[in-house]
Each structure stands twice: as C-alpha cells, then as structure tokens.
Amino acid sequence: MTAVETPELHAALAAAEARCASQGATLTPLRRQVLRLVLEAGQPVGAYTLLERLKEERGPAAPPTVYRALDFLLEQGLIHRLERLNAFLPCIGPEEAPCGHGCGHDHPHQFLICTRCGVTAEIADHDVAHALSAAADRLGFRPNRATVEVEGICARCA
C-alpha cells in the first residue's frame, strides 16, 4: 500500500532531494519513504512507529533499516530529533527552505511540546538563542548546538 502524495508533500520531497543533491548525498527510495512517513505523521513520530508503517508498505524491515535512514535524514538537516520524546519531525517545507527558516539546521531550535495532545510547534527565536549563547559565554562554555524543548499546554488544550 503506497500513499498518494499531495502536491505539498511532493514539493517537500522534491526540495529534500534537491537539498541532498546539493550536498553530494543521495535520497534513496528508502530514505525518501522514511522522510515521507515523518512528513505525513503531522506530529513527532518515533522510530518504531515508522518501522511499523514501513512494514505495512514494504513488508519485512528491521529497526536498523529505519535508524540508518533517520541518521541520514538528521545529517542532511531534513528532520529534527526531539530528545524528550525520542521522536522525529520534519525540518523541510515545500519552499525548499528547511523548516521554512531558510537556513537548514543552522537556525535556533526551539520546540513547544503540549503534554496533553502532543502537538509540537517549532519556533526559531534568535533572542532565545542569543540569551543562551550569552549565558554559555559567561561560563566560558562553547556550545556546538542547542535545542530547547519546552513542555506545557497548547492554546487548543488550555
């Protein structure tokens, strides 16, 4: 059972392929399929859920299959990993700009996670990133990257 791609999904996958090609990488059919499943999820999705969906479409698959694809997608800046949820969400939109921010994983990563419904919103607030960087500087710490995950209640659940 293969899913039908909407124009938005097709555009996002085409942008991902172009991004990979520009970095000298290949978005293989399996990697593309895993990315499509992440995009279709509409919320953070775990590796084992992806594995089950992959099995429905492709037949037998082992966890390393999904983890290798997810590692590749992370390396290419096409998805984010939410540590707290041990789940993944897309970092690319149809306008070829990852996350719609235009800068791949080089943008600040901040996620608002609703503890009631699980909806997750990504924001890229440079003031938050600068405040975190300034605090690290005061301690002589040089961060490589920072992802901020904030748990709370979304407007719909409040």
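Modeller: Helices (H or I, at least four residues) and strands (E, at least two) are DSSP runs, numbered from the N terminus. The model is predicted, so local features need pLDDT of at least 70, side-chain atom pairs count only at pLDDT 80 or more, and totals for chains, interfaces and linings use all residues. Residues are numbered from 1 along each chain as its sequence is written, and side-chain values use heavy atoms, leaving out hydrogens and water.

Biologist: What follows α3?

Modeller: Gly59 comes after α3, with a positive phi near 95°. The helix itself, residues 47–58, reaches 16 Å from first to last C-alpha, close to the expected 16 Å (1.5 Å times one less than its number of residues).

Biologist: Which residues of α3 are buried?

Modeller: An α-helix has 3.6 residues a turn, so residues three or four places apart point the same way. In α3, Ala47, Leu50, Leu51, Leu54 and Glu57 are buried (under 20% relative accessible area; exposed is over 50%, partly exposed in between, with a 1.4 Å probe and protein chains only). They lie on the same side of α3 because they cover an arc of only 125° around the axis, taken from the directions from the helix axis to the C-beta atoms.

Biologist: Against which elements do the buried residues of α3 pack?

Modeller: They pack against α2 (29–41), α4 (63–75) and β2 (87–90), where contact means heavy atoms within 4.5 Å.

Biologist: How many disulfides does the structure hold?

Modeller: There are 0 disulfides, a disulfide being a pair of cysteine sulfur atoms within 2.5 Å. The sulfur of Cys117 lies 3.7 Å from its closest cysteine sulfur, in Cys114, too far for a bond.
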